[in-house]
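Let's walk through this model together, starting with a pair of helices and moving on to aromatic rings.

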Amino acid sequence: MAQTRRAFLTGLAGAAAASTFPAWPVATSAAPAAIGRVPRGARWPASASERAWLGLPDPARHRRGLSSIGAARAARSPEGRASAATQVTAPADPHPLAARFPDLRRRFVFEYYPWYDSDPWYHWNEAGRTPPLDVSASSMPRLGPYDSWDPRIIEQHARWMVEAGIGAINLSWWGRGDYTDLAVPRVMDVMRDHDIKVTFHLEPYRDDRAGRYAEDLVFLLREYGEKRRWDTFLLLEDGDGRVAPVFKSFRTILPSSVQDCLGRIFAVPDYTSDGDWRRQTDGVREEMRRDFSRLYLLADSLDVGRTGASGFDGLAVYDNFVTPPQWTRIAQDATDVGLLYSFNVNPGFDRYPDREPPPPPDVDPCYGGPLGFEPGGQHPDWAAMDARQAAQELALGRIRESFDTTTALQHQAGTTNQARGFFLAYVNSFNEWHEGSQFEPARDYADLTPEERRYGYHNPPDGMARLRQLRALMDGLTTRQAAARAVPPRL
């Protein structure tokens with residue numbers, strides 16, 4: 001039975017208070033529900049706290065856990081380590097990107113999170129925060145802590161996207177009936193009115209969700225594509241003139257076990273074998289073959305061998321800690337086995353600060369301290385205005401570097417992307433406020449109230465700077481003269 005948004009949130013609040021999962025079926029720690037075998041000698045995570053410090057997802061709270069890359073690192077697998085930095089050396093395709101891809105703006109895709117609410121508070125109140133002044137974000141949004149379902153908010157988001165030159169979004173999707181699923185029709189209606197296309201990022205919404213991968217994709221294609229006459233669904237045209245949908249998934253290629261700092265081995269509950277993934281990817285292609293001769297299915301992994309064996313077309317790196325100098329070798333590894341690749345445009349990473357004391361050893365014996373700041377690794381002294389300006393410049397520099405690197409690598413002659421007429425760059429993110437990767441405008445530091453400043457927000461001097469930078473890069477990519485001819489952006 002379909003749930004209303006309010007009923008969903010009410011049930012979720014009760015589930016969170018009881019430290020349980022929501023009402024729909026979700027695997028628990030009581031019995032393995034993952035597809036694949038539990039390694040000999042590994043034990044099952046016994047509690048929610050163990051799941052958390054092992055980097056496993058918590059679907060009840062939309063907590064994704066570690067990505068495929070992060071999980072491989074936790075397992076000390078070679079595929080989790082990004083390749084050494086190398087420079088782009090192969091020649092670029094002589095044809096401009098805009099000439100090869102008339103729909104170029106649709107090939108830059110904002111990661112978009114429709115999971116915020118203000119009545120009751122949802123997501124803004126993570127980690128014990130108490131909105132509206134105290135929110136789980138490193139910076140206060142220009143719009144304040146908003147409701148993702150408010151049409152005025154979605155409209156403003158769409159206007160900012162258009163003004164930045166971006167033509168598509170990748171919706172974070174946590175399964176049928178979830179809050180993010182209930183938001184889809186309203187988001188698509190607004191995006192349609194602004195000529196923005198929509199696709200989906202499949203999240204780890206239950207431990208055995210891989211067994212529903214084909215079913216989920218068919219649902220998304222039928223419900224939000226076919227039933228709407230494909231009015232807003234992102235369809236990419238390939239080099240042969242055929243169109244195809246594109247999907248990305250998070251926590252896809254995982255190790256079967258992880259080892260903690262004490263040498264204890266734990267089974268990974270949402271591990272899926274390559275063979276089981278292959279049955280799912282083959283199955284959805286067969287189911288949709290009368291509609292599309294091709295589907296682009298992308299995994300968030302650096303393990304090109306397992307990604308190909310699992311039936312994915314390529315890899316799409318989500319993590320902003322995998323830096324642009326490392327992408328050249330990753331692209332070569334993918335090309336060597338015939339896989340596509342996509343690297344994101346990003347400003348770095350700045351997660352909201354931890355306020356609680358470090359967990360005691362009996363709760364998390366392997367606590368390694370708070371996550372770092374990207375780029376650079378070290379958090380600035382946020383009390384100093386010149387440090388805020390420097391942090392803003394670092395973010396703008398990462399945007400330029402990641403934009404230039406992903407466009408150059410995907411435009412190189414002799415690569416799988418060039419041979420198959422594929423170009424796609426995710427922009428991470430429009431509004432992932434928890435991780436500080438947002439392009440959505442923040443309030444200028446000068447506009448924070450005295451009460452807000454007491455909470456230590458990292459707001460930059462210019463909260464619109466990231467969108468302006470993106471617009472300038474998009475203009476410059478279209479043609480060499482575009483920046484001079486273009487109407488100044490309303491940012």
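At what angle do helix H8 and helix H9 pack, and how far apart are their axes? Helix H8 (residues 213–224) and helix H9 (residues 274–287) pack at about 30 degrees, with axes 8 Å apart. Helices here are DSSP runs of H or I with at least four residues, and strands are runs of E with at least two, numbered from the N terminus. Axes are lines fitted to C-alpha atoms, for helices over the stretch in contact, and angles run from 0 to 180 degrees between N-to-C directions.

Before going further, please note that this is a predicted model: local features need pLDDT of at least 70, side-chain atom pairs count only at pLDDT 80 or more, and totals for chains, interfaces and linings use all residues. Residues are numbered from 1 along each chain as its sequence is written, and side-chain values use heavy atoms, leaving out hydrogens and water.

Where do the two helices touch? Tyr213, Ala214, Leu217, Val218 and Arg222 of H8 meet Trp277, Gln280, Thr281, Gly283, Val284 and Glu287 of H9, contact meaning heavy atoms within 4.5 Å.

Now to the rings: the whole structure holds 31 aromatic pairs. Rings of Phe, Tyr and Trp (its six-membered ring) pair if their centres lie within 6.5 Å; planes under 30 degrees apart count as stacked, over 60 as edge-to-face and the rest as tilted. Tyr116 and Tyr146 have ring centres 5.6 Å apart and planes at 70 degrees, so they form an edge-to-face pair. Tyr116 lies in the loop between strand E1 (108–112) and strand E2 (117–118), and Tyr146 in the loop between strand E3 (121–122) and helix H5 (151–164), so the pair ties together parts 30 residues apart in sequence. Elsewhere, ring pairs link Trp173, Phe200, Tyr205, Phe219, Tyr224, Trp230, Phe233, Phe247 and Phe292 into a cluster.
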